[in-house]
Every structure is written in structure tokens, then in C-alpha cells.
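Please take a moment to look over the sequence and the model shown below, and keep both at hand while reading.

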Amino acid sequence: MSFFHAGPAAQAFGPRPGALRDGLNLAPGMRVGLFGGSFNPAHDGHAHVAETAMRRLDLDRVIWMVSKQNPLKDTADTAPLSERMASARSAAAMAASGQAMVVSDVESRIRTGWTVDTLRALTARHPGVHFVWLMGSDNLASFHLWRGWTDIMRLMPVAVIARPGSLLNSRTAPAARRFAAFRLPAGQARLLPTAPTPAWTYLPAPLNPRSSTAIRAARLQFPAA
């Protein structure tokens, strides 16, 4: 797919800062994890990633950013945004820090389509907030295919949380190799939100085997009556 590239992404990111309300109600000094994805559907594995990041990074809040449409995935396989928002709310409620979990359609609100553009917009709108991009290790393995992935690494710290089936691939991923010198030991993870960028860490954690792909496959094989 020729429209993906590993170099710097275009600087324009949609509407000017403050032009549209994002509804996040953030304050300077807050430590906020941004957990983006299709959540198609969301499940307790997602809750496990969010809760692990909340606890290990000492975050004030985790924002589940439900994407309009992942450019790397088939639109035919993606449920409507309203359904994915509902499943994300249900999954977020499973986390022990449920009240600190916020499910948002911010990408739709501020009219951005690429993660790098959404993150640029949020950092411009919320100066003084210490953002961290959160993702499972399964996403790190293909992170180098994302538009502007090197820009994301330099824009805010990144936390990678262990997910089953991807541990070896993620540790040898192009992104992990390219930014190896900027990796923070897991034992120092609480320093990550305020660390100068680029900075990232890999968080080992008890593995939750649930996956959205498996859930969708099971639904096709055993449809509800």
C-alpha cells in the first residue's frame, strides 16, 4: 500500500487547535495514557493493557480513542463506530481503575484520520499535559507501517504492553531496533510520562489471550440465534 511511509508525516493535522471541542477535560500536569484502536470489538484483553499502563506508569487517566476506521484494516470487517464505542465502554468498566478510564470518539470530533495527526492535535490543544501513547506488543510488530511512526516516537513517550503471540516479533520489530537507545527499563516506567522524547518502554505483564480477531471469527462460526 503505497500511501504508507516510514518517514516524517505531513505537518497539517486538520482543524486549528481549539476549533472543535474534544470533550476530554484535561488539565496541565496530568499524566494521560492515549490508548487508540478499532476496538472491533473491545474485550478484557484491552482492559488488561489499559489497567497495566495505568498502574505501572502512574497515570491519572487512560483515554480509549476509538478510531473511525483503521487504514490498515478492511472497512467491511469493521463494525459501526457506535457499536465499537459501546463495546469499549463495557470493556473499560472491567478495569479496576474504571473511573479513570475514558472512552472517546475524539478522532471523529476533531476530524483527524491518522494517529499521528490526532496526537499532534491533542498535544497542541492540551499544553502541559503529559501524554503517553499506549499499545500492545502486537501493534509494535507492525508499527513501522504506520504513517509518521517516527514522528509519533518523537512527539510523546510510548509504552508497549506485552500481549500473547507477539513477544518475540515485537522485540525484534523495526521500531524497537531503530529506537533501542531510547528504551527506558521497565523498572523505571513511572518516569516515562515526563521523560524527554523519544522515550519508550516495554512492560512485561501477565498475558490475557483474548483478541478481537478471535472474537469476530467465533461470531461468524457461531452466530447468535
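Leaving aside its neighbours within four places in sequence, which residues is Met94 in contact with? In this predicted model, once those neighbours are set aside, Met94 is in contact with Asp44 and Ala47. Met94 itself is found in the loop between helix 2 (81–92) and strand 3 (101–104), and a look along the chain shows that Met94 and Gly45 are 49 residues apart in sequence, while their C-alpha atoms are 10.0 Å apart in space. Met94 counts as exposed because its relative accessible area is 51%, and the cut-off for that word is over 50%.

Thr52 gives a second example, this time from helix 1, which covers residues 44–57. Is Thr52 buried or exposed? Thr52 has a relative accessible area of 1%, and therefore it is buried, since buried means under 20%. A polar atom of the side chain of Thr52 lies 2.8 Å from the backbone oxygen of His48, and, leaving aside neighbours within four places in sequence, Thr52 is in contact with Ile161 and Ala205.

From single residues we can turn to groups. In soluble globular proteins, nonpolar side chains tend to be buried together. In this model the largest nonpolar core has 33 residues, of which Leu34, Trp133, Leu140, Phe143 and Trp200 touch the most other members. Helix 4 (residues 115–125) supplies the largest share of this core, namely four residues. Apart from this core lies another, of 30 residues, and among its members are Ala50, Val62, Ala92 and Val132.

Phe143 is buried, because its relative accessible area is 0%.

Ring pairs link Phe143 and Trp146 with Trp133, Trp149, Phe179 and Phe182 into a cluster.

Terms used
Residues numbered from 1 in each chain as written. Predicted model: local features only at pLDDT ≥ 70, side-chain atom pairs only at ≥ 80, totals over all residues. Heavy atoms only, no water. Helix = DSSP H or I, 4+ residues; strand = E, 2+ residues; numbered from the N terminus. Buried < 20%, exposed > 50% of the residue type's maximum accessible area, 1.4 Å probe, protein only. Polar contact = N/O pair within 3.5 Å; in protein donor to acceptor, adjacent residues only side chain to side chain. Contact = heavy atoms within 4.5 Å. Core = buried A, V, L, I, M, F, W, Y, C linked by side-chain atoms within 4.5 Å. Phe/Tyr/Trp six-rings, centres within 6.5 Å; stacked < 30°, edge-to-face > 60°.
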